[in-house]
Amino acid sequence: MQIGICSYSFHRMLAAGTMDMFKYIYTCKDLGCTQLDPWNAHLSVLADADDVIHAGQHPESSQHLVADHSGYIAEVKKTAQIVGLPFGVIAVDGAHIYEESAGARMANRERAYRWIEVAAELGAKQVRIDAGGPPEMPEEVFQTIKEGYEDLIGVARPHGIEILVENHWGPTMYPDNVIRLLDEIDGLGLLLDMHNWAPGLRDEGRRRLATRASSTHFKSFIWDDGDEMSEDIPRAVNYLMETQYQGTWGVESVPEDGDEVEGARKTINLLHRLTGR
C-alpha cells in the first residue's frame, strides 16, 4: 500500500518553526510512509509565519511560494535519499493556469515551469497545478485552462512527470467541470481530494471521480477513539476499493485539536484498517 502525507498537514507546525522540510522527511519515515508528498510551501523560502498561513488559506495566491535556487533543493534530495523515501506528488499553490490578464497567466506559467524543474530534480512522479478560474468555467475560460495544461503536460512529460488537476477551488469544486477537463485534456491526471467539493456535491464528486483518480487526499478533522467523525472516510475508501484503485493513499489531515503529527498518524492507521492493507 502506497502512503504519502501532503506536508500541508503540518502547515501550523511549519508556521511555528517546528516542522521544516527536513523534519517532514523524517516524520514521514517514522509514520510509515512510502513516499514524500510536499506542499510547495515546504520547498519555498518563507519570510515569516504569516506567509505560511496566508499561503495555506489562499491557494490562489502566488506572492510567497517561490522555488529556491540556492542549493536547498539539492539538500532536500540528499536527505530524502538518506532516509530512503522517493518523492511522489508535489502540491503546487500559486501557479494555477487561469488568470484574467495575460501577464498574470504568464507569471504563473513561469512559476509552474520552475516547479516542474524542482520536481524533476527531486525525481517526483507527479505535480499538482490548479486550474484556477471562476466556478462557472465559461467556454473561453475552459479553453485557456486546456491550453495551459497541454503546455505543462508537454514540458513535464520528458521528465516522466504527470501533471495533476485537483478538485481544490474555483471550477474544480464541481464534478462536471473536473470530468470535462479530464476528458478533453490528454495526459491530465487527477488528484482526488475527498473533501474539496461544492456544498452538496461531496458524495457525488467522490463517487463519480473515483475511477479517474491518479492520487488522493483524505482529509480528517475530528477524531474520537480512532475514528474520524466528520468525513465519512469509510464511504470514500469503499468507492476507491470498488475501482481496484492502485495509486497512493494520500493524507491531508487538518486536526481541529491542533496535534498535526497525531492527526496524520490516526489517518494513516484508519486507512490501513479500512483497506485491510
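Guide: Start with helix α2 (residues 21-30) and helix α4 (residues 72-83). Their axes come within 10 Å and cross at roughly 20°. That makes α2 roughly parallel to α4. Angles under 35 degrees count as roughly parallel, over 145 as roughly antiparallel, 65 to 115 as roughly perpendicular, and the rest as oblique. The axes are lines fitted to C-alpha atoms, for helices over the stretch in contact, and angles run from 0 to 180 degrees between N-to-C directions. Helices (H or I, at least four residues) and strands (E, at least two) are DSSP runs, numbered from the N terminus.

The crossing of α2 and α4 is right-handed. A crossing is right-handed if the near helix is turned clockwise from the far one by less than a right angle, and left-handed if anticlockwise. On the α2 side, the contact uses M21, F22, I25, Y26 and K29. On the α4 side, Y72, E75, V76, T79, A80, I82 and V83 take part. Contact means heavy atoms within 4.5 Å. By class, this contact has 9 nonpolar, 1 polar and 2 charged residues. Ala, Val, Leu, Ile, Met, Phe, Trp, Tyr, Cys and Pro count as nonpolar, Asp, Glu, Lys and Arg as charged, and the others, Gly among them, as polar.

A word on the source. This is a predicted model, where local features need pLDDT of at least 70, side-chain atom pairs count only at pLDDT 80 or more, and totals for chains, interfaces and linings use all residues. Residues are numbered from 1 along each chain as its sequence is written, and side-chain values use heavy atoms, with hydrogens and water left out.

Now a second pair. Helix α6 (residues 139-156) packs against α7 at an angle of about 45°, with the axes 11 Å apart. That makes α6 oblique to α7. This crossing, too, is right-handed. From α6 come E139, F142, I145, K146 and E150; they meet R180, L181 and E184 of α7. The contact of α6 with α7 divides into 3 nonpolar, no polar and 5 charged residues.

Stay with two of those α7 residues. E184 and R180 form a salt bridge, 3.0 Å from N to O. A salt bridge is a side-chain nitrogen of Lys or Arg within 4 Å of a carboxyl oxygen of Asp or Glu. Both residues lie in helix α7 (residues 175-184), 4 residues apart, about one turn of the helix. E184 is partly exposed, at 36% relative accessible area. R180 is partly exposed as well, at 25%. Buried means under 20% relative accessible area, exposed over 50%, and partly exposed in between (1.4 Å probe, protein chains only).

The count of salt bridges comes to 20. Another of them joins R128 and D93, with the closest N and O atoms 2.9 Å apart. This pair links distant parts of the chain, 35 residues apart. R128 sits in strand β3 (residues 126-129), D93 in the loop between β2 (89-92) and α5 (102-122). R128 counts as buried, at 3% relative accessibility. D93 is buried too, at 4%. D93, R128, D130 and E166 are linked in a network of salt bridges.

One more pair: R235 and D232 meet in a salt bridge, again 3.0 Å from N to O. R235 is partly exposed at 41%. D232 is partly exposed at 35%.
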